[in-house]
Amino acid sequence: MIELAAVFAVAGAASNAVGTAFQRKAASTTSRGGLRLLAELVRRPAWVIGMAGVIGAALFQSLALVNGPLALVQPLFILELPFALLVASPLMHRRLPGLGWWGVAGVVAGLALGLASAAPRGADDQAPMTRWIPVLALCLGTMAAAAVLARPGRPAALRAALLGAAAAIGNALTAALLKSATGTFADHGPTAFLASWQTYGFALTGVAALLLLENALQAGPLVVSQPALTIGDATVSLALGITLFGEQIRTGRWLLPVVLGVLLILAGVVVLSRAVQLLGLGR
């Protein structure tokens, strides 16, 4: 089942990347804003394809979380960044620089090394409220504190990093709630799913994480916000998987290659973020 979860997670990352690239393609051809922008975009095939990609990503993520540990699924979504760059470059008639290929190689190699060494395992999808309450308090409190500290007037790089980290926590918490909600759906059906508080929880935290991400992208350079978002999401997801669902990873001598993998991912994300800016695809 873990192999199936990995396949679904990679498919979700690719689907979300396609969705993001096509939505950016559609939005780049209009200067309108607000509701007029949405009214125009819904008539564009590229935007429709983009929305299909986003919906597909949500479905793949749900299937991945039902079949495997959170500590495996969320880190694999790091692949969304290289996928998005590979899709967006030809779509926007740009050529991916050599720097970008090095970034892709770093992310893929780092993920392979880190996940193979950590070997996340455990498939529980429910946790008692005695675990949920402190997790919710800590995550939501940290997100709120980061948003307050990132108030206008602070240095742009600091604001981008804080908001990116807050969005990362929100994404990880959303995934944990989604895992619990989809587990309820798989075990007890749609009625129990709609009656579960986690269902409404992941919807609310997902919206909050999206708003924080949008503000992070506007606040400062992508090369600052993207690493905070990428590494933060994977790290917090690992912590939530262990804390909430009793997931396990290999420790001891395996920690060294895990750390090396994380460093490769971080370097790859920084390089890819710079490549995005060079291509003019970033904000």
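**View 1. Confidence is lowest in helix H2 and highest in helix H7 among the elements of this predicted model.** Helix H2 (residues 34-41) has a mean pLDDT of 61, whereas helix H7 (residues 129-149) reaches 96; pLDDT is the predictor's confidence in each residue, from 0 to 100, and helices are DSSP runs of H or I with at least four residues, numbered, together with strands (E, at least two), from the N terminus. Over the protein the average is 86, and 90% of the residues score at least 70. Where pLDDT is low, the predicted coordinates should not be read in detail. Because the model is predicted, local features need pLDDT of at least 70 and side-chain atom pairs 80 or more, while totals for chains, interfaces and linings use all residues. Residues are numbered from 1 along each chain as its sequence is written, and side-chain values use heavy atoms, leaving out hydrogens and water.

**View 2. Helices H8 and H10 cross at roughly 160 degrees.** The axes of H8 (residues 156-188) and H10 (residues 197-219), lines fitted to C-alpha atoms over the stretch in contact, with angles from 0 to 180 degrees between N-to-C directions, come within 8 Å. H8 and H10 are therefore roughly antiparallel (over 145 degrees; under 35 is roughly parallel, 65 to 115 roughly perpendicular, the rest oblique). Their crossing is left-handed, the near helix being turned anticlockwise from the far one by less than a right angle. The contact of H8 with H10 has 16 nonpolar, 11 polar and one charged residues (nonpolar: Ala, Val, Leu, Ile, Met, Phe, Trp, Tyr, Cys, Pro; charged: Asp, Glu, Lys, Arg; polar: the others, Gly among them).

**View 3. Helices H7 and H10 pack at about 20 degrees.** Their axes are 12 Å apart, and H7 and H10 are therefore roughly parallel to each other. H7 passes H10 in a left-handed crossing.
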